[in-house]
Every structure is written in structure tokens, then in C-alpha cells.
Amino acid sequence: MRVMADTNIYISTLLFPASLPAKVLLHIADKHELVLCDHIVAEIRDVVARKRPDLLADVDVLLAQLSYEMVIAPKEPSKLITDPKDQPILNAAIMAGVDVIVSGDKHFLKLDMERPKPMSVANFWQFEQSII
């Protein structure tokens, strides 16, 4: 399964390495095809630089430890999600054939889409445990 984790999952992983988002991110990278887009990487760096600059080096370490496919986020002005900052991420997920977007962002979670299917961390983890 091709899975994209939204920016907030990476931020949670950096801030709380023992959290469920961290566990889910590592699980996705290990058991599925993790898809990452340039827009998410830029957002991660921007948020960390503004809020926790002491963790900037950890961003590179985290990304180096994960196995993922990097894709470019198309910038076309599709109007599928209510937050324009999230549109490039959704565009990238659609263009890359992502099956699931794992996010804590309400704009993603209220999308009514089959593919990519938006799922919270808890819902994704519960789904994964049910198929093991």
C-alpha cells in the first residue's frame, strides 16, 4: 500500500519519538511504500525552524532513517480541500497514486475520498492491527 504521512506526523515524531504518530510513521516506512513530497519536507523544515530550531538537525536524521519515494507536489490550483496550504500535498498524493494519507489535520480528515483515503493516526493503526 502506498501511504503519505502529512507534515504533522513528522513533527509529532520529532517532538515525541515514543508517540503513536512516530510508531505509525516507522511502521509505514517498514511495511508499506512511504511517499513523501517536497512540499511536506519544506513545511517540516519551516515549522521546526520557527518553533524548535534546536531540532533542525534531527529533521535530516529522521529523513535519512526512513525509506521513502520522493515526489514533487504539483502547484496547480485544484480546489479539492478547504485549506489552500494543504492542496499541494493532496495534489502530490493523487498524482503519485497514494492509497492513504495519514494526518491529524482536520482539513484532510473531513475529505470524502476513496483514494487517497484520509485516515487519522489512530484509525490507521487500528486498521493495520486488524489485518495482522
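This is a predicted model: local features need pLDDT of at least 70, side-chain atom pairs count only at pLDDT 80 or more; totals for chains, interfaces and linings use all residues.
Ile-131 sits in the segment after α7 (121-130), and it counts as exposed because its relative accessibility is 53%, with the cut-off for exposed being over 50%.

Next, the sheet. Strands of a sheet pair through backbone hydrogen bonds, either parallel or antiparallel. Here, five strands form an open sheet in the order β3-β2-β1-β4-β5, and the pairing is parallel. At the edges stand β3 (69-71) and β5 (117-119); each has a single partner strand, so one side of each has no neighbour in the sheet. On average, neighbouring strands are turned by 30° against each other, direction ignored. Look at β4 (residues 100-102) and β5: they pair in the parallel sense over three bridges, and Val-100 stands opposite Lys-117 in β5. Helix α7 packs on this sheet, touching β1 (2-5), β4 and β5, and its direction makes about 105° with that of β5.

Now for the charges. Side chains of opposite charge can pair when their charged atoms come close. The count comes to seven salt bridges. One of them joins Arg-45 and Asp-60, with the closest N and O atoms 2.8 Å apart. This pair links distant parts of the chain, 15 residues apart: Arg-45 belongs to helix α3 (residues 38-51) and Asp-60 to helix α4 (residues 56-65). Arg-45 is partly exposed at 32% relative accessible area, and Asp-60 is partly exposed at 41%. Asp-54 and Arg-52 also meet in a salt bridge (2.8 Å, N to O).

Methods:
Residues are numbered from 1 along each chain as its sequence is written. Side-chain values use heavy atoms; hydrogens and water are left out. Helices (H or I, at least four residues) and strands (E, at least two) are DSSP runs, numbered from the N terminus. Buried means under 20% relative accessible area, exposed over 50%, partly exposed in between (1.4 Å probe, protein chains only). Two strands pair if DSSP finds at least two bridges between them. Axes are lines fitted to C-alpha atoms, for helices over the stretch in contact, and angles run from 0 to 180 degrees between N-to-C directions. Contact means heavy atoms within 4.5 Å. A salt bridge is a side-chain nitrogen of Lys or Arg within 4 Å of a carboxyl oxygen of Asp or Glu.
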